[in-house]
Amino acid sequence: MKRKSKSPESPLDEHTVQELELQERLIIKYMKEGMTREEATMHALAELREKMDRG
């Protein structure tokens, strides 16, 4: 499923869309492991931060 990278209300560039999709996948992965949404979000953001620092 491909989302539009730009719309009149939300002019997101492709890179931002990819980051948000990755964050969403990580949150779902952590929630499947039994975490609450809040815990999963914190873990996903920490993981993305690590990737960006290494990146």
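Leaving aside neighbours within four places in sequence, Y30 is in contact (heavy atoms within 4.5 Å) with M35, A40, H43, A44 and E47. The model is predicted: local features need pLDDT of at least 70, side-chain atom pairs count only at pLDDT 80 or more, and totals for chains, interfaces and linings use all residues. Residues are numbered from 1 along each chain as its sequence is written, and side-chain values use heavy atoms, with hydrogens and water left out.

**Overall make-up**
- The protein has two helices and zero strands; helices (H or I, at least four residues) and strands (E, at least two) are DSSP runs, numbered from the N terminus.
- Of its 55 residues, 16% count as buried, where buried means under 20% relative accessible area, exposed over 50% and partly exposed in between (1.4 Å probe, protein chains only).
- The accessible surface comes to about 4,700 Å², and carbon and sulfur atoms hold 55% of that surface; areas come from the Shrake-Rupley method with a 1.4 Å probe.
- Among contacts with a separation of 6 or more, 12% join residues 24 or more positions apart.

**Helix α2**
- Helix α2 covers residues 37-54, and its 18 residues should span 26 Å at 1.5 Å a residue; the end C-alpha atoms are 26 Å apart, which agrees. The expected span is 1.5 Å times one less than the number of residues.
- A40, A44, E47 and L48 are the buried residues of α2. They lie on the same side of α2 because they cover an arc of only 100° around the axis, taken from the directions from the helix axis to the C-beta atoms.
- An α-helix has 3.6 residues a turn, so residues three or four places apart point the same way.
- E38, M42, R49 and D53 are exposed on the other side of α2.
- The buried residues of α2 pack against α1 (14-32).

**Nonpolar core**
- Six residues make up the largest nonpolar core: L26, I27, Y30, A40, A44 and L48. Such a core is a set of buried Ala, Val, Leu, Ile, Met, Phe, Trp, Tyr and Cys residues joined through side-chain atoms within 4.5 Å.
- At least two residues of this core come from each of α1 and α2.

**H43**
- H43 lies in helix α2 and is partly exposed, with a relative accessible area of 37%.
- Apart from neighbours within four places in sequence, H43 is in contact with Y30 and M35.
- H43 and L26 are 17 residues apart along the chain, and their C-alpha atoms are separated by 8.2 Å.
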